[in-house]
Amino acid sequence: MKKFLAYTIPVILSLAIGALGSYVQSPSISSWYPTLIKSQLTPPAVVFPIAWTVLYILMGLSIGRLVALGDMSVVRLWLMQLLVNFLWCVAFFSLRSPLLGLITILILVALVFAYTIYSFSIDRIAGWLFIPYLLWLLFATYLTGYIYLNNPTTATLSAANAPQSSITIPQSSTIYTVPALPYLSGALEPVMSSETIEYHYGKHLKGYADNLNRLIVGTPYEGMSLEQVVTSTDGAIFNNAAQMLNHIIFFEGMTPEVVAIPKRLESAIVRDFGSVELFKEQFTDAAKSLFGSGWVWLVEDNYGKLSIITTQNADNPICQGLNPLLVLDVWEHAYYIDYRNRRSDFIDGWWGIVDWQKVEERAKFSPSPEF
Ligand code: MN
């Protein structure tokens with residue numbers, strides 16, 4: 001029984017401190033920490049809780065072994081490193097101080113190093129059980145040192161420190177929000193089910209917005225309009241910003257009401273495509289034949305001329321100086337729940353829910369002032 005308690009008490013104590021530590025860390029892990037460090041330097045978020053749980057268990061087993069052997073001499077050292085471990089969570093993740101974080105983790109490494117050496121001299125297995133923890137700490141020290149030396153600007157820190165509320169956000173930072181749908185989630189049925197809307201609008205689009213808000217903090221693009229971000233970035237920020245913009249135009253361009261094509265738009269379509277039917281045919285063909293993931297657009301150039309273009313992945317016509325009027329999402333996630341692989345049926349149905357009023361509102365119709 002005594003032996004059992006010798007192992008279980010330190011394991012439970014370690015896990016409890018670990019749980020408390022991760023509770024302290026969690027607000028920063030998702031919003032602040034990823035902005036400080038290059039993504040290739042840090043493992044995916046899911047690795048952290050798993051690694052720490054394993055390490056805390058090994059940590060508890062190590063001291064448990066020594067106590068079970070009747071040696072109480074290093075218990076104090078062990079408890080001290082556990083306390084400093086928690087203080088490091090507070091200093092670095094809660095107070096968000098790279099300097100305090102670096103100081104505490106260096107003290108922690110010293111204590112863990114001392115414990116490891118000392119426990120090796122009493123029981124080799126107890127020593128080995130601490131080695132993974134020591135290695136992990138050395139890696140964490142390297143990351144903390146990297147963050148400290150690269151000295152994130154005060155702007156980054158204060159922007160990330162600001163509570164996510166519209167009242168206290170500094171002028172420089174913009175939170176990109178997803179506009180509310182102009183219809184109920186089931187309103188487009190049977191063409192588009194509420195389940196598709198829940199995933200496509202509720203999860204995909206929201207995901208792009210969350211990613212963008214996370215990635216943009218501390219970059220020169222912070223505070224720009226979504227359109228400005230799309231036309232001035234590439235990589236992950238571009239992908240998330242452009243996908244956000246594409247989806248906003250897509251969801252705003254649909255309606256459960258039956259909307260006739262307004263006269264002005266109709267005459268522009270007839271002028272540039274021959275007839276509304278020919279336009280729809282050409283658009284449908286482009287949508288059916290678009291390979292992979294992408295978008296089909298009705299666009300307007302600077303002279304007011306309409307045309308149909310397709311873009312791959314996240315690309316948006318504004319990158320080519322074109323004004324998007326209408327878009328169809330032909331990524332598989334747009335139709336797979338309702339239509340499986342039958343993209344054609346999705347396209348045919350979608351024509352019935354196009355909000356032509358909205359399409360006309362987006363058009364400028366006249367040569368833009370720059371020309
Ligand atoms: Mn989509």
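**Terms and their grounds**

Analyst: This is a predicted model, in which local features need pLDDT of at least 70, side-chain atom pairs count only at pLDDT 80 or more, and totals for chains, interfaces and linings use all residues. Residues are numbered from 1 along each chain as its sequence is written.

User: Why are helix 2 and helix 6 called oblique to each other?

Analyst: Helix 2 (residues 47-68) and helix 6 (residues 131-149) pack at an angle of about 135 degrees, and their axes are 9 Å apart. Angles under 35 degrees count as roughly parallel, over 145 as roughly antiparallel, 65 to 115 as roughly perpendicular and the rest as oblique. The pair is therefore oblique.

User: Which residues make the contact of helix 2 with helix 6?

Analyst: Ala51, Leu55, Leu58 and Met59 of helix 2 meet Pro132, Tyr133 and Trp136 of helix 6, contact being C-beta atoms, placed from the backbone, within 7 Å. These residues divide into seven nonpolar, no polar and no charged.

User: What makes strand 1 mostly covered?

Analyst: In strand 1 (residues 294-300), seven of seven residues are buried, a term that requires 20 or more other C-beta atoms within 10 Å of a residue's own. Gly294, Val296, Leu298 and Glu300 lie on one side, and Trp295, Trp297 and Val299 on the other.

User: How do you know that strand 1 and strand 2 pair?

Analyst: Pairing needs at least two bridges found by DSSP, and strand 1 and strand 2 (residues 306-312) have seven, in the antiparallel sense. Leucine 298 has isoleucine 308 as its bridge partner in strand 2.

Terms used: Buried ≥ 20, exposed ≤ 12 C-beta atoms within 10 Å, placed from the backbone. Helix = DSSP H or I, 4+ residues; strand = E, 2+ residues; numbered from the N terminus. Axes fitted to C-alpha atoms, helices over the stretch in contact; angles between N-to-C directions. Contact = placed C-beta atoms within 7 Å. Nonpolar A, V, L, I, M, F, W, Y, C, P; charged D, E, K, R; others polar.
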